[in-house]
Amino acid sequence: MKSRRQFLTRLPIGVLGAFAAFKLQAQATTKNVPGTAPTFNDGAGAGPEVTDMTFAQAEKLVRVRMTPAQREQAASSWRTSMAGVLERRTGPNKVALEDSLAPATVWNPQLPGHAVGPAADRFQPAMDDAGPLPTRDEDIAFSSVVQLSQWIRSGRLTSERLTRIYIARIKRFNPKLRCVITLLEDHALKQARQADREIAAGKYRGPLHGIPWGGKDLLDTADIRTTYGAEPFRDRVPKEDAAVVKRLHDAGAVMVAKLSMGALALNDIWFGGQTMNPWVPEEGSGGSSAGPGSATGAGLVAFAIGSETQGSIIDPAMRCGVTGLRPTFGRVPRTGAMTLCWTMDKLGPLTRSVEDTMLILHAITGPDAGDVYSVPSRLDYDAGASVKGLKVGYFPDWMKEAPATELDRDAVKTLRELGLETKPVSLPDWPYDSLNLLLFAEAAAAFEELTLSGKDAELTVQTPDAWPNLFRESRFLSAVDYVQADRLRRKVAQAMAELMSEVDLLLIPSMRDDMMVISNMTGQPSLTLRTGFVHISQARSDWAPDPAHPLPRFSPPRRVPYGVTLVGRLFEEGVIARVGRAMERKLKVAHERPSGF
């Protein structure tokens, strides 16, 4: 004798639909009986009709197999099961989700049972003697923040003169580099004059006082457009400054430009074109902090603030030969910054020296009420402390294969010469790329209205690897797979915590994809710095190869900067900065600048 369940699963779809209607009517009757518990799947249906064939096709997207009977059952109940989901998006009680609204689940890279961060605050930069003020404006422009701050504080250089130097250089070189979206000439000169008055009156705010800088155009600036580098937002004008912008204003820094970014923080193409690399003007600068990398590398600003979700500081820092610091997730608040991925976005500086990154981090660190992911933290940086005896881990297999070069292998030797102990390390062979589901899902959620409204079609780049396509594809990601990826993220974080308990820092080939994913998912800080030069015979690109548009080739090969990345323990930026500064002083390659600028 067939069971009731077997009978129901074998009913034709029409009969099954009629049965579902009967069931709903019965439920409506029993729902009013006192003490009846609420149940799933007993409301009015919503959305389009689906059939068993709909599920047969959908199975291909999520790699799930159902029997014919299971498909029929799912099709008969789908409209009632999903009614609540559709109500949030399209129903009469649709709820608007503000851009500033974060998910209820908060990712915290600080795992239970693992102590993180330094025991106390200490900030003792070296502030090496700046020497005499150069006579040429271009030499001043390429100087470090450490040098510029000393010349300004001593009165040998005014903030207004320095600001005018950078404004003139932006006007001269930006048409070639396309790294500036909005030049803030009047705004910057007003801030510079105020800085000069304050410094003359003895009201010195610190090493960033009077220093001109540029911000990636995802940082809100009050009454100044913030475009995200994307056509649908090119006329967007926020009412308030981002938290980081406020902190730099409080430090006396002078904002001279809003810098380009790949549209919605992907690669290096925005609505004004492609941002180019000052070392190789035929190739893009790398993204998505394209403008911060290019402008800093070309001496158009003293420093810049970029952002990284997965490689967006490391990539342009490498390409443009500058120093990029990606702080620990949660150290620097993102209030007033464009959200791409709530649990991965980080803001950090791009500079021309290692110590410069720490001067800026010191000014912008600390929680803000507007960012629920930002946390209190301590910063311990003593430039005079020895690096001898520190343990640095490296992955022997990674050093033997692309993208590693001889310079990566030489960096291991350099650290040994500096007195560090090098230790071979490894991580489990897991499918780390599967974690990108979290990035894609969060990014698609952040820009849901852009996708559903069809305005994503306004973006310049519509290739398979660009956001418009990825956002649309992400609508079909499985929520179950999202949770499983999130669980894997915790497992990876546990493995990373175990690894970092054995060493003080890691030395990584900068463009190693595995660690780009891992360290951004686990929130580790990183420092990318120049360690030498390599030769390239073809332009590089962040975009998938396009046979219809081959990249330029070079004969003879071009000499370009190259660097390594140091990955630190959570909230121990001071350690990687000390080691990076020691490498910078020993290798003596950070001073060289691109020809023609």
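1. Does histidine 249 count as buried or exposed, and what is its relative accessibility? In this predicted model, the relative accessibility of histidine 249 is 19%, and the residue therefore counts as buried, since buried means under 20%.

2. Histidine 249 lies in helix H10, which covers residues 243–250. Its side chain makes a polar contact, at 3.2 Å, with the side chain of glutamine 191. Leaving aside residues up to four places away in sequence, histidine 249 touches His187, Gln191, Arg205, Asp241 and Met255.

3. Leucine 506 may be followed in more detail: when residues up to four places away in sequence are not counted, leucine 506 touches Val392, Gly393, Phe395, Val425, Met496, Leu499, Met500, Met515, Thr565, Leu566 and Val567.

4. A further point concerns a pair of helices. Helix H13 (residues 354–364) packs with helix H21 (residues 573–587) at an angle of about 155 degrees, and their axes are 8 Å apart; H13 and H21 are therefore roughly antiparallel to each other, as angles over 145 degrees are counted in that way. On the H13 side the contact is made by Val354, Glu355, Met358 and Leu361, and on the H21 side by Glu573, Gly574, Ala577, Gly580, Arg581 and Glu584. The residues of this contact comprise four nonpolar, two polar and four charged.

How values were computed
Residues numbered from 1 in each chain as written. Predicted model: local features only at pLDDT ≥ 70, side-chain atom pairs only at ≥ 80, totals over all residues. Heavy atoms only, no water. Axes fitted to C-alpha atoms, helices over the stretch in contact; angles between N-to-C directions. Helix = DSSP H or I, 4+ residues; strand = E, 2+ residues; numbered from the N terminus. Parallel < 35°, antiparallel > 145°, perpendicular 65-115°, else oblique. Contact = heavy atoms within 4.5 Å. Nonpolar A, V, L, I, M, F, W, Y, C, P; charged D, E, K, R; others polar. Buried < 20%, exposed > 50% of the residue type's maximum accessible area, 1.4 Å probe, protein only. Polar contact = N/O pair within 3.5 Å; in protein donor to acceptor, adjacent residues only side chain to side chain.
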